[in-house]
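I am opening my notebook on a structure that is new to me. I want to write down what I looked up, one place at a time.

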Number of protein chains: 2
Amino acid sequence: MSSGVLSREFEGYIGQSSMIRAMFETGIKLKKEHGEDKVCDFSLGNPDLPPPREVKQAMLELAEEADKPFAFGYMPNAGFPWLLEMMADEYSREQGTKISAGDILLTGGAAGAINCLFRAVLERGDEVIGMRPYFVDYINYAANFGGVFKPVDTSADFSLNLAAIEAAITAQTRVVLINSPHNPTGQIYSKEELEGLVAILRKKSAEHGRPIFLASDEPYRFLTFDGAVVPAVLPMYEYAIVLGSFAKNMSLPGERLGYLIASPNMPDKASFMGGVVMASRILGFLNAPVVGQKILKHALGKGVDLEIYARRRQMLGQILSDAGYEFTMPRGAFYFFPKAPGGDDLAFNQILAKQLILGVPGTGFGMPGYFRLAFCVDEKVIARSADGFKRAIDSVK
Amino acid sequence: MSSGVLSREFEGYIGQSSMIRAMFETGIKLKKEHGEDKVCDFSLGNPDLPPPREVKQAMLELAEEADKPFAFGYMPNAGFPWLLEMMADEYSREQGTKISAGDILLTGGAAGAINCLFRAVLERGDEVIGMRPYFVDYINYAANFGGVFKPVDTSADFSLNLAAIEAAITAQTRVVLINSPHNPTGQIYSKEELEGLVAILRKKSAEHGRPIFLASDEPYRFLTFDGAVVPAVLPMYEYAIVLGSFAKNMSLPGERLGYLIASPNMPDKASFMGGVVMASRILGFLNAPVVGQKILKHALGKGVDLEIYARRRQMLGQILSDAGYEFTMPRGAFYFFPKAPGGDDLAFNQILAKQLILGVPGTGFGMPGYFRLAFCVDEKVIARSADGFKRAIDSVK
């Protein structure tokens, strides 16, 4: 019987908490039983590289001013004006189009940015289309404001299936949400795919008489391999929105620092930006954390050592390949998404856990039959995992 | 005509942005025209005292570890376990009842905490009862999740009007939200008032077959005058929730650090806490900012110099009294809420602005006929305001 302490919706949620977090808990248990150094934990995208050295410099400067009035004070809701100017320069270069300070909102992480967007644009019952496999909290971000997340299948190589997207769009479709480089598959959408998508969105927006936004969640933009390029969406489409973060490129995930950038060509952009800034205020973010913002004064445009991630990718790719796993080399981000040997990803994840290897079943991304491995872990851990990966796949042959 | 870039609800919001912020903008303009040192700005609750010295110590330690892996990494969604333990000790003392680490959620500010609570407990159409005058974003926090904020009049001295609250409660009432010490009136609710309120909530919860929460928003608990005491609600009522912040007592508003504490006696408390922690995750807060949390390692329980606020209260009280304003001395928090001479608070605020004095009209708190003055400003500013306050009131006599 209900104790009545939660809404009916939330009563349904409790118990079915995020699979990634569940693996996190299993990991803690295994580490306690077998020792930290025996477990190979590929379950969590918690970047393990040290932040760029400019972060230390920024913290020293902050310590210097920490006993001054307003050192940690409020600032305009969108962020420090000097920082928005710096970001306008930085992202004008990145996106190859002129972005102004007023096109940017600093938020509490990219997750916060998505929530601000959804709060400002969704009507109750509106649909958000995303690509399968997907980050499971996309469902919840939409549900927060009465929206419905509608996953669409991708092609065999996880590239966009434009025909499937077009077929999925209805009069209720308000946002198409993409993530590139993609968690968990490492796929990057090409310029041609994105131009095809934009053509569909333009057509469908006109057909249904309301703009359909293209929201591009890009926390892994900085991390691509073998010269892969992430195309810029803002110059392509007047209703494009970029959602980004400093969690992964600077190893600052706990400080909750992200941003939203609107296409400089958006009609009535002032209303849109006013709306998302207000959403940030009334959702309680108010402003992105002040320390994170002051860190960016020194560290904007800096990043962790990408060579380290590239080496790990090679190393884990070799191990998986030698053991006989079926997978595509990720083109970006720090995840592998191999097929689960035997086909049952939940069962295979248990088999891996017996080898003290932690991954996340594809079911946690709406895609059974696969599993995710995050390679933001030390090379020693990757090296140590080789035998376990071999034994695990052999046991289901 | 609608450009279609916002939801219909948000289209309605744009243009009618927060009055406090509007005054903030007027202030910037006046300062530009007349010089920073000529304007007496009492419009914003942005604490101007330096943070306690332990904050500097914490920042130095953080600078030391800033180049280490995971220095700014994720932690469990509710917060660092060691910090929750520290807070459990601290708030057990404050609330006079045994609080456990598991009863606490660290959030992005008290505003974030209220949003997490509302997300987890409100059904669409549920009512949140609050006291007039009220912080205007309470309306929006409820509306975020389909809730309706329902203000109830208070007594002439801004104490609780229990009969009015009881009459306002319906089957849709889910939360009664109080704020004590109160912004903008400085009132503190007594133990007797709160016990009377709890008796009503118990009766009405039973009558309607669903718990009605008592949510106590307490960012100013640390700041009381003339020995006034803020009663602890958690031991009084099993459905009491405390929402707090480190913005005001430590002058850290920009870092967005707050918390939610559930009554240790709540039935099915584990579900409730699971719900609010999940709400924090899916609203995009994920966790309270890591730097803020690490600051608390050194600074929890420390605060700014309260004597300074006490002196300013005396000083501004004397000035208002000498000039002939009608007001009650605030018992807590850092605001005066005098009656607007002439009765029209919007007009009188303009008259004050002509004297280069900035306040906020009571209309911005749902209470025309009054105006708010925040005294988190330097004594020199208060001294300089004396003539202007006199001229302003004389001009409407």
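The entries below follow the order in which I looked things up.

**Ground rules.** I am working with a predicted model, in which local features need pLDDT of at least 70, side-chain atom pairs count only at pLDDT 80 or more, and totals for chains, interfaces and linings use all residues. Residues are numbered from 1 along each chain as its sequence is written, chains are lettered from A and ligands numbered from 1 in the order in which they are written, and side-chain values use heavy atoms, with hydrogens and water left out.

**Entry on Met86(A).** I found Met86(A) in helix H4 of chain A, residues 81-95, where helices are DSSP runs of H or I with at least four residues, strands are E runs of at least two, and both are numbered from the N terminus. Its relative accessibility is 28%, so I noted Met86(A) as partly exposed, the class between buried (under 20% relative accessible area) and exposed (over 50%), taken with a 1.4 Å probe and protein chains only. Beyond its neighbours within four places in sequence, Met86(A) is in contact with Leu296(A), Lys297(A) and Leu300(A), contact meaning heavy atoms within 4.5 Å. Lys297(A) is 211 residues away from Met86(A) in sequence, yet their C-alpha atoms are 8.2 Å apart.

**Entry on the cores.** I looked next for nonpolar cores, sets of buried Ala, Val, Leu, Ile, Met, Phe, Trp, Tyr and Cys residues joined through side-chain atoms within 4.5 Å. The largest has 192 residues, and Met59(A), Phe272(A), Met59(B) and Phe272(B) have the most contacts inside it. Apart from it lies another core of 34 residues, including Val304(B) and Tyr335(B). Leaving out residues up to four places away in sequence, Phe272(B) touches Val5(A) and Leu6(A) as well as residues of chain B, among them Leu117(B) and Phe213(B).

**Entry on the cysteines.** How many disulfides are there over all chains? The count is 0, with a disulfide taken as a pair of cysteine sulfur atoms within 2.5 Å. The closest cysteine sulfur to that of Cys40(B) is in Cys376(B), 14 Å away and therefore too far for a bond. Cys40(B) is buried, at 2% relative accessible area.

**Entry on Thr173(B).** I placed Thr173(B) in strand S5 of chain B, residues 173-179, and found it buried at 2% relative accessible area. Its side chain makes a polar contact of 3.2 Å with the side chain of Glu127(B), a polar contact being a pair of N or O atoms within 3.5 Å; within protein, one must be able to donate a hydrogen and the other to accept it, and residues adjacent in sequence count only if both atoms are side-chain atoms.
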